[in-house]
Amino acid sequence: MRRRIVAAVAALAMTVTGTTLAGTPAQAAPTPGSPGIGDSYYPDYGNGGYDVEHYDIRLRYQPGTDRLTGTTTILARATQDLSRFNLDFVLDVSSVRVNGWSATHSRSDAHELVVTPARTIRSGQLLTVVVQYAGVPSQVLVDGYTGWRRTADGAMAVNEPESAWWWYPSNDHPLDKATFDVSVSVPDGVEVISNGVQPRPPIGELLGWTRWIWRTTKPTATYLSFLTIGQYDIVTDTAPNGQPVVNAYHVGLGDLAGAARASIERTAEVVDWASGLFGPYPFEAQGGVAGPLDGIGFALETQTRPVYGPSFWRRGANTYVVTHEIAHQWFGDSVSVADWRNIWLNEGFASYAEWLWSEAQGEGTAQELFDFTYAYYPADDPFWQVLPGDPGPNRIFHSAVYDRGALAVHQIRLAVGDDAFFRILRAWTAQRQYGNGTNEQFQALAEQISGRDLSAVFTTWLFTAGRPELAGDATAQARVATPPQPKSWARIQEAHRF
Ligand code: ARG
Ligand code: ZN
């Protein structure tokens, strides 16, 4: 869903066609869409040549066998003349149709499905791509890994940056956001949770099967769509802003259930608090999912409804991980990375939000958390060798991206002052709502709003190996020499470790 670019390309194509001389070919030969969208870390993620507007994902799942069958209908628009195009997908495909015409399909790579339509596609043309498929997703490994986790009573498709491949064909990169309708038929008594709202309650179909329907109405990046299937207690409510709240708790959490509820039930409060700092909440629903003991070992900011692994509840309630995932709804979900290299724009800000929450809870100020974090990693710790602004494709979730990312945000705040700092955050989330951003664009906005040259701060804290000196400031040096441990420290650390 990159409307402006799409419109420009379509207009250009029309101009070229309109001025063609009689007798010459009306259009250049169509070419294959690129197998990648151009990401610097993951060159084959996403695809070129088209832009998706909507996914309609219609599935049937049998937990007993982990067999998934489905039909996904993709509504897209071509951004070039196409002889063929790719989708990111790993399950077995039985048929593909493009605008009703049967298309041929093959596989060029573990996760690249190549679709060759019967007729050439022209730039600007609307595409309806219907893919039918089946498979056992937990058994389809790519580089030894599957993003579909089978559990004792169901499954979960929750992972970053790749999870969509195992349950629906897509243009799998945050540059191409779309809306989703997800419907899954499961045996009666099994719950299905996904993003957004339920346009209607689960409905019985056939004998012994129930179909669940979930819908997102705001642009969603593919890695932020999710599916959890299993035995869940679902708790619904209305948030202070009038939106539906849907929380889900796996029934097997045992002793952890209380702490999970005492954390996730505070989601609407955290959304309300964060809206005051970052601007209006960008989505149509709220909530959280407490995953099962045999599920994921991390949390993910799945849009409208983050999913939490059980480890966060081991030492009681943890509202810091909730704050982290809710802050991502602005930083990561509404404004997404344009390239995975920019991951600190997600993790640095979501981590910094925890420092702000700590201060609001009276459990340690952001400055105290800066001082303690700075001192916690000795200058010779390998931590300081990972650059948050360019951590490399195998280290996008390194603690430096989180903790040093938050240190960098605090340094930007100190450089511009509180008033400009919060104006920058709100301008960023407003200007790029439902879109993408880069580090360079964030720095430019921060400089424009503050009227300061911030290149030294960005270079020092995000792009230079080694622990930065605290700029000859004697009081700063003294503060980090023996900082007291903020009350929130241990909880915040848990929220960052997986
Ligand atoms: N964005 C997630 C968070 O910070 C981290 C996801 C880690 N992903 C993983 N597969 N371990 O909450
Ligand atoms: Zn995060």
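Me: What should I know before I start?
Reply: The model is predicted, so to speak of local features we need pLDDT of at least 70, side-chain atom pairs count only at pLDDT 80 or more, and totals for chains, interfaces and linings use all residues. Residues are numbered from 1 along each chain as its sequence is written, while chains are lettered from A and ligands numbered from 1 in the order in which they are written.

Me: OK, strands then. How many bridges join β4 to β5?
Reply: Three, and the two strands, β4 at residues 92–98 and β5 at 101–109, run antiparallel. Strands here are DSSP runs of E with at least two residues, helices are runs of H or I with at least four, and both are numbered from the N terminus. Two strands pair if DSSP finds at least two bridges between them.

Me: Which residue is the bridge partner of V98?
Reply: W101, in β5. The hairpin of β4 and β5 has two residues between the strands, and N99 there takes a positive phi near 50 degrees.

Me: And what about β5 and β6?
Reply: Five bridges join β5 to β6 (residues 112–116), again in an antiparallel run. A hairpin connects them through two residues, and S106 has V114 in β6 as its bridge partner.

Me: Which residues touch the most other members of the largest nonpolar core?
Reply: V115 and V184, in a core of 127 residues. A nonpolar core is a set of buried Ala, Val, Leu, Ile, Met, Phe, Trp, Tyr and Cys residues joined through C-beta atoms within 7 Å. Buried means that 20 or more other C-beta atoms lie within 10 Å of the residue's own; 12 or fewer is exposed, in between is partly exposed, and C-beta atoms are placed from the backbone.

Me: What does V115 touch?
Reply: Leaving out residues up to four places away in sequence, V115 touches R84, F85, L87, V96, V98, A103, H105 and V129. A contact means C-beta atoms, placed from the backbone, within 7 Å.

Me: Switching topic: which residues are closest to ligand 1?
Reply: N159, E160, F298, A299 and F397, out of eleven that surround ligand 1. Being near the ligand means that a residue's C-beta atom, placed from the backbone, lies within 6 Å of it.

Me: How many residues of each class are in that shell?
Reply: Five nonpolar, two polar and four charged. Ala, Val, Leu, Ile, Met, Phe, Trp, Tyr, Cys and Pro count as nonpolar, Asp, Glu, Lys and Arg as charged, and the others, Gly among them, as polar. β18 (299–300) and α4 (319–330) each supply at least two residues of the shell.

Me: Where does β18 sit in its sheet?
Reply: The sheet is open, with five strands in the order β15-β16-β17-β19-β18 and mixed pairing. β15 (232–238) and β18 stand at the edges with a single partner strand each, so one side of each has no neighbour in the sheet. β18 pairs with β19 (residues 307–308) in the antiparallel sense over two bridges, and A299 has Y308 in β19 as its bridge partner.

Me: Back to E160. What is the peptide bond from E160 to P161, cis or trans?
Reply: Cis, with omega near 5 degrees. P161 is in the loop between β9 (154–157) and β10 (178–187). Most peptide bonds are trans.

Me: Is D143 buried or exposed?
Reply: D143 counts as exposed because it has 7 C-beta neighbours inside 10 Å. D143 lies in the loop between β7 (126–135) and β8 (148–151), and its phi is positive, near 50 degrees.

Me: And Y434, what is its phi near?
Reply: Near 65 degrees, a positive value in a residue other than glycine. Y434 lies in the loop between α8 (418–431) and β21 (435–437), and it counts as partly exposed because it has 16 C-beta neighbours inside 10 Å.

Me: Last one: which residues of α6 are buried?
Reply: In α6 (residues 366–376), A366, E368, L369, F370, D371, T373 and Y374 are buried. Their cover includes α5 (344–360), α7 (399–416) and α11 (474–481).

Notes. Contact = placed C-beta atoms within 7 Å.
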